[in-house]
Amino acid sequence: GARCFKNVSSLFGANASRLVVDGKRAVTLPESLGEEAVLLALAATAEHALNRTPGNVDLIIGHGVLGRLMARIAVAKGALPPVVWEVSESRLQGASGYEVINAANDPRKDYDAIIDASGDLDAIDEAISRLRPNGSLTLAGFYRDRVSFSFPQAFMREVSLNIAAEFKPEDVSAVLTLVASGRLSLSELISHRTAADEAAAAYHTAFNDPECIKMILDWSTTHD
């Protein structure tokens, strides 16, 4: 998050080769994680969204890195595998223990709990229309514009709306426990790696190429 860095805009991370931070915000990680350690914050965010959602999540919208982590964590914790919706053809692959489909090919309209991890405002009304009465929708994406939805269908279903924001220390601990036990894998989620001095191109790829699941900025060849 950007709040702890005052005037530095750090929303998307990877802004510096060295970071000085309060020790209470630092987490000791096993060396065996290697570069996959950069996924810890996202995994904790996924864990937090799952915890904010009543009951077991049976539909996740978006098969980007956050949606994948949510689905993996749900499976790792012994829940029934959720269905994952994805509109991008290139992101229909890469599932691990769950199914990924296009919403247009899903006739189901009785989901109990849905999490939107896509950040797509148009997905909200579609999600509400697929909930059973008294179902719940958790918003866990990053929305560029004002969030709104069609009230009548939400009203008729008496939908519960939840918002998942910043992860907590207990979410980090839970994820590390799952990783250490071997139940949660962070592999095959980092799709692109770019030298830090090519950051402009890296950010363009990260935000515009649907085949980019997670971008790594490599600072190892950059000197202070």
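In the predicted model, six strands are arranged as an open sheet with the order β3-β2-β1-β4-β5-β6, and the pairing between them is parallel. Because β3 (99-101) and β6 (160-163) lie at the edges and each has a single partner strand, one side of each is left without a neighbour in the sheet. From one strand to the next, the twist averages 20 degrees. Within this sheet, β1 (residues 59-61) and β4 (residues 111-116) are paired in the parallel sense over three bridges, and I60 has I115 in β4 as its bridge partner. Helix α3 (residues 122-129) packs on the sheet, where it touches β1, β2 (83-85), β4 and β5 (131-139), and the direction of α3 makes about 150 degrees with that of β5.

F151 is placed in helix α4, and F151 counts as exposed because its relative accessibility of 52% lies over the 50% cut-off.

The count of salt bridges comes to six. In one of them, R193 is joined to E35, with the closest N and O atoms 2.5 Å apart; this pair links distant parts of the chain, since R193 belongs to strand β7 (residues 192-195) and E35 to the segment before α1 (40-52), 158 residues apart. E35 counts as partly exposed, at 36% relative accessibility.

A salt bridge is also formed between E47 and K77, whose closest N and O atoms are 3.2 Å apart. Here, too, distant parts of the chain are linked, with E47 in helix α1 and K77 in the loop between α2 (65-76) and β2, 30 residues apart. E47 is buried, with a relative accessible area of 4%, whereas K77, at 42% relative accessibility, counts as partly exposed.

Finally, salt bridges link D58, R108 and D110 in a network.

Technical notes:
Residues are numbered from 1 along each chain as its sequence is written. This is a predicted model: local features need pLDDT of at least 70, side-chain atom pairs count only at pLDDT 80 or more; totals for chains, interfaces and linings use all residues. Side-chain values use heavy atoms; hydrogens and water are left out. Two strands pair if DSSP finds at least two bridges between them. Helices (H or I, at least four residues) and strands (E, at least two) are DSSP runs, numbered from the N terminus. Axes are lines fitted to C-alpha atoms, for helices over the stretch in contact, and angles run from 0 to 180 degrees between N-to-C directions. Contact means heavy atoms within 4.5 Å. Buried means under 20% relative accessible area, exposed over 50%, partly exposed in between (1.4 Å probe, protein chains only). A salt bridge is a side-chain nitrogen of Lys or Arg within 4 Å of a carboxyl oxygen of Asp or Glu.
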